[in-house]
Every structure is written in C-alpha cells, then in structure tokens.
Amino acid sequence: SMKRILLTSTALVAIAGAAAADVSFSGEAEFSYNDATGFGSAVEMTAAGSAALDNGMTASASLTLEDADTVSAGDITLSSDTASITYHVGMDGTGAAYIGDELDVQGTLANIFEDSDSITEDAGITASASLGGATISMSINAANAYQIGVSTDLGGTDLSLGFIEATGDFGAQMAGSASAVDYTLAFGSNDTYGLSASTTAGGADLSLDFGDAGWEIGASMAMGPATVGITMDDTSAWEVSLDTSLEGVDLGFTFDDASAWTMTAGVTAGDVTVDFETDSASAWSLDATYDMGNGVTAGIGTDSASEQYVEVDYDLGGGANLSLDYATSADINPAEEITAGTTVSVSFSF
C-alpha cells in the first residue's frame, strides 16, 4: 500500500508539472461515527489532465486515489475535431455497436441497445471519425471481437446502425418528427422490430409503443385542476392515474387491473414539507422536513413497519456538511442513504 501511494504521489506531481497541460484536481471525503459499527471514513481524489499536442490533437487521462490504497486510472484518449481513439482502462467502454436506448416494452430489440445482454463484451479500444456528415466508430475487446457503429443526421432524422461480430447481431434505428408526431423506428437481427411514437391531439398527450414484444398505448389529459392518464397493453393490463393540487396539497392516485392502488399526498407550508404515501396492501410512510434557516435542515419519518428516522443536516458551506442521523433500519430515509443506529458524520468535496 505504501509503495502504491508513493507511485501515485509521484505521478500526480509529474502531471502537475507537465508543460502546456491543463490539470484539475477534485475529490470528496467523509468521516463518521456510528454507535453500532464505530468509526468510518472514505476519501477519494482524482487528478485529470489534458494537453494540446503539436499535431493538433488533444491527449487526456486521469488517475483516482481511493481510501489511500486503491489506485485506478481513467480512460486514455487522443482526440481532434473529427476523430478520436480511446483506450478503456479496465475494459469498461461500451461497444461501438451501441445505437440508442431501448424502445420501452421492446426490451431486447436488436440486442445492441442499452442494457441488452449482448453488450457484455466491454470495449478495450474505441476509435471514431467523422466522414461526410457521418460518424463511424469501431471497437475491439480483449478477445479481439469487434463492433462497428455508424450514425448520421439525414436532414433532421437521426439514423444509427450497429453490428457485433462476436454474435452476428445487427440493428438500425431512425428517430425524428413528422406531422407533429415524434417517432423512433428500429429493427434488428432475430426478426426484432419496434416503433415508439408520441403526439398531442385535442389537448391530450398520446403515446404508442409497438413491436415484436407486444404493444402499449397511453394517454393523459388535463381536466381542470387535475391530470388524468391511462395506459393499456397487449396483455390486457391497464392503469389509471390521477394527479391534482387542491389548496396547496399535491395529490396522486393510481389504480390498475389487479385492483392495486397507490395514493400520495404532499404539502408545503412555509419551511415545512410533509409527504404521505399509502397503498392497497396497507403499507404507508410519512416523511417531513423543516428548513430551520442558517443552513440547518431537520427531517423525521416513520412507516407501517414501525421504522423511524430523525436527521439534522448543517450546511457548512463550500461543499461541506455536518449530519446527525438516527434510524431504526438502513435506508429508511428516502432523501439519503443512512445506516441503522446513531451516526455523526462530516463530509466535504473539492
């Protein structure tokens, strides 16, 4: 650990002294005491540097030191206005075949969209270049499997293509707007396809999601002080929602085909905010916060499982905060992650 710290310190000094380089330092730290687990601390510092090279390209890299004994390097990149190449330290890059978000219920569309199982082969090196209005990308991983992606703008319509060599998966996505309808159309290998569209008509917001995995339609409309919404899909599942505000109280209600319902209520009066939620399973929670001024905020909450928490936060300014928390269970406070028991902590960032 000491050797690693000395090497890190030497690297940071070398980066800081590099000519014609922009170097920035950032980090955060926290120390705490919990009556059940004792003392604890966490420290993280990152040095990020970039330098303009004589050939017109820019080189950038970063180094992160965590808790005094863990050193990790960030991606190393060479880039220009039209091209770039990145070495993903730790093989953590998304492959070049990534071409966009999934289309709602079309969960496995083309197998190369966000969160798809086949993007488990993280990129080791990614290179991209802009040619004739299109961006062409290619990535390769440790197993020498490659991915290719192409994206361009066709007069206001975005077009993306992707191919994964290891699995043979391919896909294409087109997104744009026509006649006041926003749409995204995609298709891919294994006969996958999908269409998402949304528009406003007659004062109502309408949406459609249709494809090989099924369909879902939705509509919402303002009716006086309330907004009413409904969704329905190919499995005959449906949900109705109602949101309104009455004399400063925000109310929400949902009811579905399984006769399950949820109700929420929130009110703010001066410096006090109170939120209440309950459902058809008889579960409920009550949370309240009070802005006491001078950077001090207090909170309290309880729920149907007889769990409680109390917290007081003091904003010390400049990114520093002093906190005193008591909780009967972990993470009961919806506003922040806390540990069971009584905890005093100080945190700051720079």
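Let me begin with the largest pocket, whose lining, sorted by class, has three nonpolar, 10 polar and five charged residues. Please keep in mind throughout that this is a predicted model. The volume of this pocket comes to about 320 Å³, and 18 residues line it, with Glu30, Glu337, Ile338, Thr343 and Ser345 lying nearest its centre. Strand 1, strand 24, which covers 320–327, and strand 25 are the elements that each give two or more residues to that lining.

A hairpin of three residues connects strand 1 to strand 2, and Ala29 is found opposite Val43 of strand 2.

The second largest pocket has a volume of about 160 Å³, and of the 14 residues that line it, Asp287, Thr289, Tyr309, Asn333 and Ala335 are the closest to its centre. Here the elements that give two or more residues are strand 20 (272–279), strand 21 (284–293), strand 22 (296–303) and strand 23 (308–317). By class, this lining divides into five nonpolar, five polar and four charged residues.

Let me now move to another stretch of the chain, where strand 10, residues 158–164, pairs antiparallel with strand 11, residues 170–178, over six bridges. Phe163 stands opposite Phe170 of strand 11, and the hairpin between these two strands has five residues, among them Gly168, which takes a positive phi of about 80° in the turn. Strand 11 in turn runs antiparallel to strand 12, residues 181–188, and eight bridges join them; one of the pairs to look at is Ser177 with its bridge partner Asp182 in strand 12. In this hairpin there are two residues between the strands, and Ser179 has a positive phi near 50°.

Finally, I would like to point to one side chain, that of Gln147, a residue of strand 9, which covers residues 146–153. Is Gln147 buried or exposed? Gln147 counts as buried because its relative accessible area is 2%, and the cut-off for that word is under 20%. A polar atom of the Gln147 side chain lies 3.4 Å from the backbone nitrogen of Ala96.

How values were computed:
Residues are numbered from 1 along each chain as its sequence is written. This is a predicted model: local features need pLDDT of at least 70, side-chain atom pairs count only at pLDDT 80 or more; totals for chains, interfaces and linings use all residues. Side-chain values use heavy atoms; hydrogens and water are left out. Two strands pair if DSSP finds at least two bridges between them. Helices (H or I, at least four residues) and strands (E, at least two) are DSSP runs, numbered from the N terminus. Buried means under 20% relative accessible area, exposed over 50%, partly exposed in between (1.4 Å probe, protein chains only). A polar contact is a pair of N or O atoms within 3.5 Å; within protein, one must be able to donate a hydrogen and the other to accept it, and residues adjacent in sequence count only if both atoms are side-chain atoms. On a 1 Å grid over the protein atoms alone, a cavity is a set of points where a 1.4 Å probe fits but cannot get out, and a pocket is an open set with protein on both sides within 12 Å along at least five of seven lines; lining residues have an atom within 4 Å of a point. Grid points are joined across faces, edges and corners, and a volume is the space filled by probe spheres set on the points. Ala, Val, Leu, Ile, Met, Phe, Trp, Tyr, Cys and Pro count as nonpolar, Asp, Glu, Lys and Arg as charged, and the others, Gly among them, as polar.
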